[in-house]
Amino acid sequence: MSLKNIICPACGAVCDDIQVEFRAGIIEAKNICKVGNARFKILANPHRFRQPLIKDRGKLKPVSWDEALEKAADILVSAKRPLLFMGSDTSCETHKIGLKIGEYLGAVVDSNTTIGNGPIAMGTQESGKVCATEGQKKNRGDLIVYWGTNPLESMPRQMSRYGVFPRGYWTRRGLFDRTVITVDPRKTPTSEASDLHVQLNPNSDYELISALLTLLHGKTPHPSVEDITGVPIPVMEQMLHMMKNCNFGSISAGVGLSSSIGKHRNAELAMNLVKELNNYTRFTLGVLRSHCNVAGFNQIASYMYGYPFGLDFMRGYPRYNPGEFTTVDLLREKDVDAVFVICTDLLNQVPADCAAYLAEIPVICLDTVPCPTTVASDVILPAVIDAMECDGTFYRLDDVSIHFEPFVSSSFEFTKSNEDTLKQLFKKIKEKI
Ligand code: SF4
């Protein structure tokens, strides 16, 4: 079987031009990066979960689908304050059912955003958003600033499909019509391929953006900013000159901006810089979201309840307070007593004390292959692979929705999709309350 224009479900770029050869259980993907290729290999991975498992005296044992759903429903219903962690490796349709289960149970529902680019979402709430689609960047963008990210390794095809190399309508010469600036404390393959590498000190993003704004206002920043940021003022002037004099510029921000000291205030200030740059030229800010459908959860949760992540339904209505109702804080404070992890490896993403607490409380996991979270789980439900075995919707990193169709049917008789699994579980939960 030879297929074209398949969607890659591995990262936020959601490439929609993958070619797949699928014969006798062997899958060969083309037009794909290494990260995506590894994801496609899961389809025929011999370690893939083929049946539900329940932990019995420390050992995972195969059980029937009904038994596993029953046990999962029991755990969620008997918990005083469960947490549903909605991973990004599944569709918006699954997220929607997960949010409804969370509301019904009075649980907390969170997603990968909380650990990755949540502060950028919060900064955007403060300052508004001047954004563009990746297609606009491809066709118009002649300057791209990678701030706190290394797409050549984390999202390789963003550069080749949109950001740097492709020939667009007004960028006919591809790379030769574009300038690349990288702002990163580290030397990375992306910084080495850039025209200008602004190598700031770690945790000095806020000061650097403040200095750029000061220069933009026609004033000279205090000389101490050079010691704080490690960036000479002439380099800041050069960077600002490039930003003011392009035709269409964009900042692609990564976790380096949202995780350094300043957090959401960094994103807010960067957005203010972008707004002011629009007095001189066209300028936008977007986020390079490395998890596949993490933007989808933000869209669905905002659409249904008004908040993008970290929703607490304990009082019967949604509340939002990052730092209180977000996963790491809840685990650190031991404020939840059961966790349902859906299509992500949560244990791998949280600090050690949170991981240790996860090992103490009941954990249900919906996943495809073994990972640290499945080791700590009491119930494992096998996951269907979105974009390969079932249809649905992802949101790309620039918040464009992409519908996907399967090219093989679900590997399981008991469920058609992760959405179907959550619907079946929701039914069981309703029978118990
Ligand atoms: S860039 Fe991301 S979406 Fe595109 S092929 Fe690589 S992993 Fe898949």
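How many salt bridges does a search of the whole structure find? The search finds 24. Note that this is a predicted model. My points follow.

1. **Asp 312 and its two arginines.** Asp 312 forms a salt bridge with Arg 81, with the closest N and O atoms 2.9 Å apart. Asp 312 also forms a salt bridge with Arg 319, again with 2.9 Å between the closest N and O atoms. Asp 312 sits in strand 13, while Arg 81 is in the loop between helix 2 and strand 6, so their pair ties together parts that are 231 residues apart in sequence. Asp 312 is buried, at 0% relative accessible area. Arg 81 is buried at 11%, and Arg 319 is buried at 17%.

2. **Asp 16 and Arg 161.** These side chains meet in a salt bridge at 2.7 Å, N to O. Asp 16 lies in the loop between strand 1 (2-6) and strand 2 (18-23), and Arg 161 lies in helix 7, so the pair ties together parts 145 residues apart in sequence. Asp 16 is partly exposed, with 28% relative accessibility. Arg 161 is buried, with 16%.

3. **A charged network.** Salt bridges link Asp 66, Glu 70, Asp 74, Lys 428 and Lys 432 in a network.

4. **Nonpolar cores.** The largest nonpolar core has 44 residues, and Phe 340 and Leu 381 touch the most other members. Helix 2 (residues 65-78) gives this core its largest share, seven residues. A second, separate core holds 38 residues, among them Leu 200, Ile 233, Leu 257 and Leu 277.

5. **Around Phe 340.** Set aside its neighbours within four places in sequence. Phe 340 is then in contact with Leu 76, Leu 83, Leu 84 and Phe 85, among others. Its contacts also include Ile 364, Cys 365, Leu 366, Leu 381, Leu 422 and Leu 425.

6. **Aromatic pairs.** The whole structure contains ten aromatic pairs. Phe 40 and Phe 407 form a stacked one, 6.4 Å centre to centre with 10 degrees between the planes. This pair links distant parts of the chain, 367 residues apart: Phe 40 is in helix 1 (residues 34-41), and Phe 407 is in the loop between strand 19 (401-404) and helix 18 (418-432). Phe 40 is buried at 1% relative accessible area, and Phe 407 is buried at 9%. Tyr 307 and Tyr 320 have ring centres 5.0 Å apart and planes at 10 degrees, so this pair is stacked too. Tyr 307 is partly exposed, at 29%, whereas Tyr 320 is buried, at 19%. Phe 22, Phe 40 and Phe 407 form one aromatic cluster.

7. **Ser 88.** Is this residue buried or exposed? Ser 88 counts as buried because its relative accessibility is 2%. Its place is the loop between strand 6 (82-86) and helix 3 (92-105). Not counting residues up to four places away in sequence, Ser 88 touches Asn 112, His 291, Cys 292, Asn 293, Val 294 and Cys 343.

8. **On the surface.** Phe 165, Leu 175 and Phe 176 form a nonpolar surface patch, with about 320 Å² of accessible area together. Phe 176 is in the loop between helix 7 (156-163) and strand 9 (179-183). Phe 176 counts as exposed because its relative accessibility is 64%. Lys 34, in helix 1, is exposed as well, at 77%.

How values were computed. Residues numbered from 1 in each chain as written. Predicted model: local features only at pLDDT ≥ 70, side-chain atom pairs only at ≥ 80, totals over all residues. Heavy atoms only, no water. Core = buried A, V, L, I, M, F, W, Y, C linked by side-chain atoms within 4.5 Å. Buried < 20%, exposed > 50% of the residue type's maximum accessible area, 1.4 Å probe, protein only. Helix = DSSP H or I, 4+ residues; strand = E, 2+ residues; numbered from the N terminus. Contact = heavy atoms within 4.5 Å. Patch = residues over 30% accessible without salt bridge, like charges linked within 9 Å, V, L, I, M, F, W, Y side chains within 5 Å. Areas by Shrake-Rupley, 256 points an atom, 1.4 Å probe, with all protein chains shown as cover. Salt bridge = Lys/Arg side-chain N within 4 Å of Asp/Glu carboxyl O. Phe/Tyr/Trp six-rings, centres within 6.5 Å; stacked < 30°, edge-to-face > 60°.
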